[in-house]
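Please find below my notes on the model you asked me to look over. They go point by point, with the cut-offs given where a term is used.

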Amino acid sequence: PAEAVPQAPEDPLFGLMRAYRADESPDKVDLGIGAYRDNTAKPWVLPVVKKADEILRNDPELNHEYLPIAGLASFTTKACELILGGASPAISEKRVTSVQTISGTGAVHLGALFLARFYKIHGANRTVYLSNPTWANHNQIFTNVGIPIATYPYFDKQTKGLDFEGMKKTLADAPERSIILLHACAHNPTGVDPTPEQWREIAGLMRAKKHFPFFDCAYQGFASGDLERDAAAIHYFVEQGFELVIAQSFAKNFGLYGERAGCFHFVASPSSDASEITTRVASQLAILQRSEISNPPIYGARIASTVLNDKALFAEWQENLRTMSGRIIDMRKALRARLEELGTPGTWNHITDQIGMFSFTGLSEAQVMKLREEFHVYMTKNGRISMAGLNTRNVDYFAKAVDKVVRE
Ligand code: PMP
């Protein structure tokens, strides 16, 4: 039967990584993958993660037993407080349930699976609206569970900022009770986020249309260096009483990429039976989780839990977050300054206006390919660069290369 299986294309991002590794030029620059690099272009193990690791390894009681289906409670409890704010009424009113997942991807998947099973209208799945563009995996994850996909405009090519009018119009025209996927902060791939005022308008519009918010939060604390600020949109929607779900990743903000630490949260609207609804939802999530992964991986959750449950380590983590976000913000400033000094045609304010791991440069696919072939600079075809790939040694080289291809 396998004779009928067609060859699938290689994942574009992982293909890009392979091409970078094969390039022997000493000048090569990797601006593809969304992982933090220090100023020497090396992966960075957060000092606080090293400490937590040390504590765990010195614990003679530590074993390798299974976690419960919903994961490590000391981790999910703190993950929930982190994303909603410890004083959130959703927590005190027991209308939130949390399940540990295979990082953010697993959380988006579990949420999609849950919605495919339980959020039908007249037996049909609701449509999920994804931003155009979005993290490419969103398309595959929702398609895999049979949820139809539509898109809302997001990026304005002219301003290289938010296409707010386009976004609002599509959300207003969408059928009532659609699922709207929102990036909580540091939108991937554009780096463009709504302002607090725009978030309020989006919430108002979504309330009027009874839309369902699905927040994907992969960069809390990594974007601005401030955990509260990066969760502000979620806090606002919860305050407004939405029933919503959140996919939370600890890959970037703890540098725990390969450990797959993440969490899925369901928040019920305030009502007299909210906590019973939440209990029922938790029971169904447990069934879905059991058949998918049985129980989640333990190590990354232990690391994060150790930090989240200790005041001193938590403070040190915040310091580490400021180191990462600060270096990225410095690189944004440096790149913009170099391009403006060179008088590179075009405007470059978007480099510093955008936030988080990525910048949507506005470079065309032809320019991206030229950068790869002539300058050994690797970035995705849509003109997205991972800011973490820039450092004080290569930012000049990159700016000059951009200047050349823009002028050609
Ligand atoms: N959502 C978005 C928007 C992302 O950028 C990422 C990371 N690339 C994820 C989810 C999930 O990543 P992970 O599964 O590694 O946590």
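The numbered points below cover the basis of the model, the domains, the ligand shell, the sheet, a helix pair and some backbone details.

1. Basis. This is a predicted model, in which local features need pLDDT of at least 70 and side-chain atom pairs count only at pLDDT 80 or more, while totals for chains, interfaces and linings use all residues. Residues are numbered from 1 along each chain as its sequence is written.

2. Domains. Contact involves 17 residues of domain 1 and 20 residues of domain 2, where two residues are in contact if their C-beta atoms, placed from the backbone, lie within 7 Å.

3. Domain 1 side of that contact. Helix H14 (349-353) and strand E13 (358-360) are the elements that give two or more residues to the side of domain 1 touching domain 2. E13 has the largest share, 3 residues. Helices (H or I, at least four residues) and strands (E, at least two) are DSSP runs, numbered from the N terminus. By class, this side of domain 1 has 7 nonpolar, 8 polar and 2 charged residues. Here Ala, Val, Leu, Ile, Met, Phe, Trp, Tyr, Cys and Pro count as nonpolar, Asp, Glu, Lys and Arg as charged, and the others, Gly among them, as polar.

4. Ligand shell. Which residues are closest to the ligand? They are Ser103, Gly104, Thr105, Asn188 and Ser249, in a shell of 13 residues; a residue is near a molecule if its C-beta atom, placed from the backbone, lies within 6 Å of it. Helix H5 (residues 103-118) gives the most to this shell, with 3 residues. The shell divides into 4 nonpolar, 8 polar and 1 charged residues.

5. Sheet. An open sheet of 7 strands has the order E2-E12-E11-E10-E9-E5-E6, with mixed pairing; two strands pair if DSSP finds at least two bridges between them. Strand E2 (96-102) and strand E6 (149-153) are the edges, each pairing on one side only. From one strand to the next the twist averages 25°. Strand E5 (residues 128-132) and strand E9 (residues 179-183) run parallel and are joined by 2 bridges, with Val128 opposite Ile179 in E9. Helix H11 (residues 274-292) packs on the sheet, where it touches E2 and strand E12 (261-267), and its direction makes about 15° with that of E2.

6. Helix pair. The axes of helix H2 (residues 47-57) and helix H12 (residues 299-308) come within 9 Å and cross at roughly 105°. H2 is therefore roughly perpendicular to H12, a label for angles of 65 to 115 degrees. Axes are lines fitted to C-alpha atoms, for helices over the stretch in contact, and angles run from 0 to 180 degrees between N-to-C directions. On the H2 side, Val48, Val49, Ala52, Asp53, Ile55 and Leu56 meet Arg302, Ile303, Thr306 and Val307 of H12. This contact of H2 with H12 comprises 7 nonpolar, 1 polar and 2 charged residues.

7. Backbone details to check. The peptide bond from Asn132 to Pro133 is cis, with omega near 5°; Pro133 sits in the loop between E5 and helix H6 (137-144). Another cis peptide bond joins Asn188 and Pro189, with omega about 15°, and Pro189 belongs to the loop between E9 and helix H8 (196-208). Asn188 is also one of the residues closest to the ligand. Lys94, a residue other than glycine, has a positive phi near 55° and lies in the loop between helix H4 (89-92) and E2.

Technical notes. Angles under 35 degrees count as roughly parallel, over 145 as roughly antiparallel, 65 to 115 as roughly perpendicular and the rest as oblique.
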